[in-house]
Protein chains: 2
Amino acid sequence: MPVDLELAPKQKRPVGEPCCEPVVYPDIERGQAERMAAVAKALGDPIRMQLVDVLRKHAGKVCVCELVPLFDLSQPTVSHHLKVLREAGIVGSERRGLWAYYYVEPGAVEELRAWLAK
Amino acid sequence: MPVDLELAPKQKRPVGEPCCEPVVYPDIERGQAERMAAVAKALGDPIRMQLVDVLRKHAGKVCVCELVPLFDLSQPTVSHHLKVLREAGIVGSERRGLWAYYYVEPGAVEELRAWLAK
DNA sequence: CGTAAAGGTTGACAACTATCTATTCAATCG
DNA sequence: CGATTGAATAGATAGTTGTCAACCTTTACG
């Protein structure tokens, strides 16, 4: 959990040659790493991956009652996965009457996508 | 865990209007979802995110003895995270004498990156 | 050979996760 | 109002994960 990245002093290298260039990379942005890891973690489940995939393929909002029968899972379990995605900011939801509609939150994965593309 | 995505029959809809368009999306590719979820899961930890970031910024191979002091973690814990990344195919390692060098496995995140960019 | 160093492995433990059943809540229908 | 329905929540449980201390393996060096 602790992620302190200040310029740490080199380990002692008593023996012959150094193991590698004595370069340290202190500029890994901790906040960015935590944000992107949170998004990646939410996507790190096949069910959630497929949920997002369905929502993305559908240009609009999809009812939960459409999502549940796609998987061999109970309704509360699907609801749980949707909640994980919602808390990661990847999807949003809207209640209309008796039904709940989910949609992809635009731009939520942008930071991760851009980093992967570097 | 079970991910069966055949065209399930619609839920009974006795009451008035249907909740949404009666469209079902059976073509979510299960294998692709599992592969991408595995990569995302491995990236779903801030430490591993930063490890990959360091390895990517460095054009070449980085010794473990350089990586450990970057984090406020024990060497076995860093070794564990590197193993997770290795088993996900994201990084590779090479032993040279007493030291172990890690590097980013090119193309490992390509499928995920491309899907995110869609 | 014996010692030391790098780093991987093991085992333990607490924290978290995926899943289910049962329940609750809110909105609609009769 | 009372019954029904879609969806979220609560509670339980089995499995997984992050971490460390301790140990083991391999390589180098004197």
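In chain B, 3 strands make up an open sheet in the order β1-β3-β2, and their pairing is antiparallel. Two strands are said to pair if DSSP finds at least two bridges between them; strands (E, at least two residues) and helices (H or I, at least four residues) are DSSP runs, numbered from the N terminus. In general, the strands of a sheet pair through backbone hydrogen bonds, either parallel or antiparallel. The structure is a predicted model, in which local features need pLDDT of at least 70 and side-chain atom pairs count only at pLDDT 80 or more, while totals for chains, interfaces and linings use all residues. Residues are numbered from 1 along each chain as its sequence is written, and chains are lettered from A and ligands numbered from 1 in the order in which they are written.

The edges of the chain B sheet are held by β1 (62-63) and β2 (91-96) of chain B; each has a single partner strand, so one side of each is left without a neighbour in the sheet. Helix α2 (residues 46-57) of chain B packs on this sheet and touches β1, β2 and β3 of chain B. The direction of α2 makes about 85 degrees with that of β3(B). Axes are lines fitted to C-alpha atoms, for helices over the stretch in contact, and angles run from 0 to 180 degrees between N-to-C directions.

Within the sheet, β2(B) and strand β3 (residues 99-104) of chain B pair in the antiparallel sense over 6 bridges. R96(B) has W99(B) as its bridge partner in β3(B). Helix α4 (residues 75-87) of chain B lies across β2 and β3 of chain B, at about 120 degrees to β2(B).

The axes of helix α1 (residues 30-43) and helix α5 (residues 110-117) of chain A come within 9 Å and cross at roughly 100 degrees. α1(A) and α5(A) are therefore roughly perpendicular to each other; angles under 35 degrees count as roughly parallel, over 145 as roughly antiparallel, 65 to 115 as roughly perpendicular and the rest as oblique. On α1(A), the contact is made by R35(A), M36(A), V39(A) and A40(A), and on α5(A) by E111(A), L112(A) and W115(A).

Chain A has an open sheet of 3 strands in the order β1-β3-β2, with antiparallel pairing. Its edge strands, β1 (62-63) and β2 (91-96) of chain A, each pair on one side only.

Key:
Two residues are in contact if their C-beta atoms, placed from the backbone, lie within 7 Å.
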